[in-house]
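Hi,

Here is the structure I promised to pass on to you. Have a look at it first, and then read on for what turned up in it.

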Amino acid sequence: MGRRRGVELYRAPFPLYALRIDPKTGLLIAAGGGGAAKTGIKNGVHFLQLEQISGCLSASLLHSHDTETRATMNLALAGDILAAGQDAQCQLLRFQIHQQKGSKAEKSGSKEQGPRQRKGAAPAEKKSGAEVHPEGVELKVKNLEAVQTDFSTEPLQKVVCFNHDNTLLATGGTDGHVRVWKVPSLEKVLEFKAHEGEIGDLALGPDGKLVTVGWDFKASVWQKDQLVTQLQWQENGPTSSNTPYRYQACRFGQVPDQPGGLRLFTVQIPHKRLRQPPPCYLTAWDSSTFLPLQTRSCGHEVISCLTVSESGTFLGLGTVTGSVAIYIAFSLQGVFPYGSCSCYVLALLS
């Protein structure tokens with residue numbers, strides 16, 4: 001069976017590196033860019049309005065925020081605040097939607113929500129990144145604080161995430177240090193060396209524990225700057241493999257039938273790409289003992305990202321080739337095979 005191909009929702013005028021869905025407004029937030037190189041490729045954060053049109057999902061550009069010479073490589077969302085990783089710094093943005101009173105649509109009683117982009121089409125709005133404003137809707141974006149978060153010889157922020165009540169955010173980058181900041185002042189409250197080499201991902205739990213994964217093959221659990229334990233995924237996984245694996249991603253997720261219960265999920269990938277690639281693995285962990293509960297192979301395509309649905313029911317995996325797959329969190333069974341689908345699927349789960 002061939003790959004499923006998803007409907008193209010939107011084509012940005014720059015490479016996309018980060019997607020988020022705002023659960024309050026339903027906006028799809030897409031960010032990326034060409035960086036500082038003078039290639040003519042813009043850098044920006046696009047806010048897209050999603051609508052159902054004739055039974056099909058459609059996206060229209062509500063607002064385009066110019067990030068000048070900095071491409072957004074990673075993104076976290078907390079209410080109306082975005083934390084954008086841009087080169088070696090973290091930039092906070094606040095966005096607000098205003099419903100204008102007395103708009104034409106309200107006066108006429110029309111249900112029309114403004115211009116829409118046709119499925120599969122490439123109109124001028126798509127090519128140029130021009131804004132398409134539904135009548136009566138206005139979105140404004142304001143730059144808040146910014147701070148340098150990585151200090152290696154080639155500094156780059158690799159990951160950012162908020163804590164459970166959005167009062168703190170944690171960053172990791174190529175220098176292997178975790179730094180924790182107050183929101184929105186970005187006052188640094190904690191810094192420590194977590195890995196030799198760059199940090200690949202991190203996740204903050206509601207009890208204050210922090211999980212980090214790095215290119216040094218380690219996944220570590222921290223309480224502030226004190227090491228609690230290191231994860232050992234192969235205790236309940238394959239034992240005969242001679243291929244070195246590293247942890248690629250980590251996420252906490254709710255346990256649907258246990259109020260307040262949490263489970264940790266990690267992805268392990270081969271450290272080197274081989275002509276006959278070995279499988280990648282997905283592992284579920286007990287979040288109190290940090291012992292592995294189960295591990296399953298998740299295919300031979302190299303996994304690049306992991307997300308957990310808000311309910312904790314599903315996991316989403318994305319690959320370096322642009323494919324996505326959906327798994328049941330409880331059993332780690334696949335319910336949606338890898339296919340060339342819109343990245344909206346992973347954003348929706350996040």
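One thing to keep in mind from the start: this is a predicted model.

**The chain as a whole**

Let's begin with the overall picture. The chain has three helices and 24 strands, so you'll see strand numbers come up a lot below. Of its 350 residues, 48% are buried. The chain exposes about 17,300 Å², and carbon and sulfur atoms supply 50% of that area. If you take the contacts between residues at least 6 apart in sequence, 49% of them join residues at least 24 apart.

**Salt bridges**

How many salt bridges does a search of the whole structure find? The count is eight. Here are some to look up.

- Asp-80 and Arg-94 meet through their side chains, with 3.4 Å from N to O. Asp-80 sits in the loop between strand 5 (72–78) and strand 6 (81–86), while Arg-94 belongs to strand 7 (residues 89–99), so this pair ties together parts that are 14 residues apart in sequence. Asp-80 is partly exposed, with a relative accessible area of 28%, and Arg-94 is partly exposed with a value of 28% too.
- Arg-179 and Glu-191 form a salt bridge at 3.0 Å, again N to O. This one links distant parts of the chain, since Arg-179 is in strand 11 (residues 177–182) and Glu-191 in strand 12, twelve residues apart. Is Arg-179 buried or exposed? Arg-179 has a relative accessible area of 3%, so it counts as buried, whereas Glu-191 is partly exposed at 33%.
- Lys-209 pairs with Asp-207, and their closest N and O atoms are 3.5 Å apart. Asp-207 is partly exposed, with a relative accessible area of 44%.

Arg-179 and Glu-191 also belong to a network of salt bridges, in which they are linked with Asp-175 and Lys-188.

**A pocket and a cavity**

Next, the empty space. Rolling a probe the size of a water molecule over the atoms shows where such space is left.

The second largest pocket holds about 270 Å³ of space. Its lining is made of 13 residues, and those nearest the centre are Leu-168, Val-180, Leu-190, Gly-208 and Lys-224. Which strand gives the most to this lining? That is strand 12 (residues 188–193), with three residues. By type, the lining residues of this pocket split into seven nonpolar, five polar and one charged.

There is also one cavity of 30 Å³ or more. The largest cavity has a volume of about 40 Å³. To find the cavity in the model, look for the residues that line it: Pro-270, Lys-272, Arg-273, Leu-274, Pro-277, Pro-278, His-300 and Val-302. Five of these lining residues are nonpolar, one is polar and two are charged.

**A buried loop residue**

Ala-71 is worth a click. You'll find Ala-71 in the loop between strand 4 (56–66) and strand 5. Even so, Ala-71 is buried, with a relative accessible area of 5%, which is under the 20% cut-off. What is Ala-71 in contact with, leaving aside its neighbours within four places in sequence? The contacts are Gly-32, Gly-33, Gly-34, Gly-35, Asn-43, Gly-85, Gln-86 and Asp-87.

Most residues other than glycine have a negative phi, and most peptide bonds are trans.

- The peptide bond from Val-183 to Pro-184 is cis, with omega near 10°. Pro-184 is in the loop between strand 11 and strand 12.
- Lys-224, named above for the pocket lining, has a positive phi near 55°. Lys-224 is in the loop between strand 15 (219–223) and strand 16 (226–230), and is exposed, with a relative accessible area of 63%.
- Phe-290 has a positive phi of about 55° and is not a glycine either. Its loop runs between strand 19 (281–286) and strand 20 (292–297). Is Phe-290 buried or exposed? With 5% relative accessibility, Phe-290 counts as buried.

Happy exploring!

Conventions:
Residues are numbered from 1 along each chain as its sequence is written. This is a predicted model: local features need pLDDT of at least 70, side-chain atom pairs count only at pLDDT 80 or more; totals for chains, interfaces and linings use all residues. Side-chain values use heavy atoms; hydrogens and water are left out. On a 1 Å grid over the protein atoms alone, a cavity is a set of points where a 1.4 Å probe fits but cannot get out, and a pocket is an open set with protein on both sides within 12 Å along at least five of seven lines; lining residues have an atom within 4 Å of a point. Grid points are joined across faces, edges and corners, and a volume is the space filled by probe spheres set on the points. Helices (H or I, at least four residues) and strands (E, at least two) are DSSP runs, numbered from the N terminus. Ala, Val, Leu, Ile, Met, Phe, Trp, Tyr, Cys and Pro count as nonpolar, Asp, Glu, Lys and Arg as charged, and the others, Gly among them, as polar. A salt bridge is a side-chain nitrogen of Lys or Arg within 4 Å of a carboxyl oxygen of Asp or Glu. Buried means under 20% relative accessible area, exposed over 50%, partly exposed in between (1.4 Å probe, protein chains only). Contact means heavy atoms within 4.5 Å. Accessible areas come from the Shrake-Rupley method with a 1.4 Å probe; for residues, only the protein chains shown count as cover.
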